[in-house]
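Here is a walk through a model, from helix pairs up to domains and copies. Keep the sequence and the structure in view as you read.

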Protein chains: 2
Amino acid sequence: MSGILVALGGNALQRSGGTGTWEEARTQMRATVGVLAEIAASGRELVIAHGNGPQIGALLRQNELGARDVPARPMDVLGAETQGQIGYLVQTELPPALRRVGVDRSVLTVISRTEVASNDPAFDHPTKPVGRFYSEEEARVLRKQQGWIMRYDGARGGWRRLVPSPRPIAWLEGPAVRRLLESGLGTRWVPVVAGGGGIPVVRREDGRYEGVEAVIDKDLGASLVARELGLDTFAVVTDVPGAAVSFGRPTERWLGEVTLGELEGHFARGEFAEGSMGPKVEAGLQFLRAGGRRFVITDIPSLARAVAGEAGTRVRLD
Amino acid sequence: MSGILVALGGNALQRSGGTGTWEEARTQMRATVGVLAEIAASGRELVIAHGNGPQIGALLRQNELGARDVPARPMDVLGAETQGQIGYLVQTELPPALRRVGVDRSVLTVISRTEVASNDPAFDHPTKPVGRFYSEEEARVLRKQQGWIMRYDGARGGWRRLVPSPRPIAWLEGPAVRRLLESGLGTRWVPVVAGGGGIPVVRREDGRYEGVEAVIDKDLGASLVARELGLDTFAVVTDVPGAAVSFGRPTERWLGEVTLGELEGHFARGEFAEGSMGPKVEAGLQFLRAGGRRFVITDIPSLARAVAGEAGTRVRLD
């Protein structure tokens, strides 16, 4: 399908160093939707995925602070809530931008679950910090009472909870959304899907899917969506205009147009940081190996030019 | 369309007198999905709407208790979060029940906004209590600092915030969902829509929709969905097996099959309590006057028989 998946993260949703108010989220989203509308105006199918790190962090914190009166909800449920919250934000802010460029499409948010393997090795080695920082004493109590895995973050002087980050293997709502797109409605609506990589669920032996306390990398989840929908372009939007090799060293070099082989080489040599640029590049590699045609990593200001092959880090097969 | 809208409320989502844990919500939903699957097994289109009163109350309380660290989110955003939360619950629990009766349909939750008129008289006369009970001193402070309208509830000995309950006039995602259903996919998926009556939004002069601090009656919102989708049956599921006249008096009489004229008469005479059975009956009357064919009010145990015309309060035009 001649369509594009845009995976929004970072600045698209929350100003770094911001206060995390809803007003601020709206302001950020308003600065983001213009370029999304521009892409839609080109007549291509547009699908939006997004991160939810700061948002789920806020809900986890409310869970704690409100525990006296309100039973805490598990992480999968909080993930569903952030999908509702951020989807609603896109549904509110994108349509006026679409109208300004004369595009008549409905924005629909579909609550999305992503299957992970119950025997994913990540479950034995939680690596993803979530929620706030704790004192050593608090960390001891949480470890004991909640069974949480805690890690000390020296740079920021506190303990944080670690949860597993298993690999996404199936987007459960994917087949239904794909049927909808294929029914000829692809350019009639803009689906917002797989927020936060999708709500992580495992398939039990009886066939039931059950939520788990985990975090799916949002770009790996988005890559799965792009493949499931057969879209030809996958754009990862982040806080920097592209990916770099020798990042932070004197030999640092920003990547423009690269071949799939070059990107694979850089990735194999460990050029991209784990938990940061690493999964973004990996998400793109998965997409391209599965038949995707174009992959870009860029920021909001450069997105339209990156999709046109004029900015950002980009890999084209055609 | 030969389809049915089921509006879930009360016991379908939370046990009365329960503790409000997620485990409890799952248990309640598991007791609900069997009859929904039975309806789907009849081959009819099935669309699900639901309330969100206790859920939005819990989020409002967390907003308060977490205010030290986490900026409070406005009510429209909390409404979107409850749609994600409850939609996810239905998406998790309904498919196993569908499989048990051999039905292959995807359950998709669509975040839904409902337009209300910015000049709706309800905005001048808030009537809907939300959130927890406050002391007189707290109420004084909230009135002053937040501008909240507060009302004393003598029976329960505390003050509560009142918000407006404007009338729903348009379901913004309705046309898109209708197109999807009409594209022949109606019996391939079960949409979960308009949770809590839909997120209340007003249309500004520049054409933008903006969320408001209000609560839409979930049954009036569901009625709008049933009309927009052209479904022929609308079922309001509540905690009692039907509606009654002279409710609570010695002459109390439960209504079985009634004509539209009879129901209109009872409604006009004020037989149904405001904020309780009143809006349910009104929602049904709106649906039937707009071309709907069957309307039932019943509880979960009686739902299948009520839809078959054998239980509950029911109005048929055919």
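Start in chain A with helix α2 (residues 53–65) and helix α3 (residues 75–100), whose axes come within 9 Å and cross at roughly 125°. Helices here are DSSP runs (H or I, at least four residues), numbered from the N terminus. Axes are lines fitted to C-alpha atoms, for helices over the stretch in contact, and angles run from 0 to 180 degrees between N-to-C directions. The angle therefore makes α2(A) oblique to α3(A). Angles under 35 degrees count as roughly parallel, over 145 as roughly antiparallel, 65 to 115 as roughly perpendicular, and the rest as oblique. α2(A) passes α3(A) in a right-handed crossing; that is, the near helix is turned clockwise from the far one by less than a right angle.

This is a predicted model: local features need pLDDT of at least 70, side-chain atom pairs count only at pLDDT 80 or more, and totals for chains, interfaces and linings use all residues. Residues are numbered from 1 along each chain as its sequence is written, chains are lettered from A and ligands numbered from 1 in the order in which they are written, and side-chain values use heavy atoms, with hydrogens and water left out.

Which residues of α2(A) meet α3(A)? They are Gln55(A), Ile56(A), Leu59(A), Leu60(A) and Asn63(A). Their partners in α3(A) include Met75(A), Leu78(A) and Ile86(A). Contact means heavy atoms within 4.5 Å. By class, the contact of α2(A) with α3(A) has six nonpolar, five polar and one charged residues. Ala, Val, Leu, Ile, Met, Phe, Trp, Tyr, Cys and Pro count as nonpolar, Asp, Glu, Lys and Arg as charged, and the others, Gly among them, as polar.

Helix α3(A) also meets helix α1 (residues 22–41) of chain A. Their axes come within 8 Å and cross at roughly 50°. That makes α1(A) oblique to α3(A). The crossing is right-handed. Among the α1(A) residues in contact are Trp22(A), Met29(A) and Val33(A); in α3(A) they include Tyr88(A), Leu89(A) and Leu94(A). The contact of α1(A) with α3(A) divides into 13 nonpolar, two polar and three charged residues.

Now turn to helix α6 (residues 218–228) and helix α8 (residues 277–289) of chain A. Their axes come within 8 Å and cross at roughly 15°. α6(A) and α8(A) are therefore roughly parallel to each other. Their crossing is right-handed. The contact includes Lys218(A) and Asp219(A) of α6(A), and Lys280(A) and Glu282(A) of α8(A). Five nonpolar, two polar and five charged residues make up the contact of α6(A) with α8(A).

Step back to the domains. Chain A is divided into domain 1 (1–119 + 169–231), domain 2 (128–163) and domain 3 (239–318). These bounds come from an automatic or database domain assignment. Taken over C-alpha atoms, the centres of domain 1 and domain 2 of chain A are separated by 27 Å. Seven residues of domain 1 are in contact with eight residues of domain 2 in chain A.

Last, the copies. Chain A can be laid on chain B with an RMSD of 0.0 Å by a turn of 180° and a shift of 0.0 Å along the axis. That is the relation of a two-fold axis. Copies are superposed by least squares on the C-alpha atoms of residues with pLDDT of at least 70 in both. 100% of the interface residues of chain A are also interface residues in chain B, so the copies meet through the same surface.

Terms used: Helix = DSSP H or I, 4+ residues; strand = E, 2+ residues; numbered from the N terminus.
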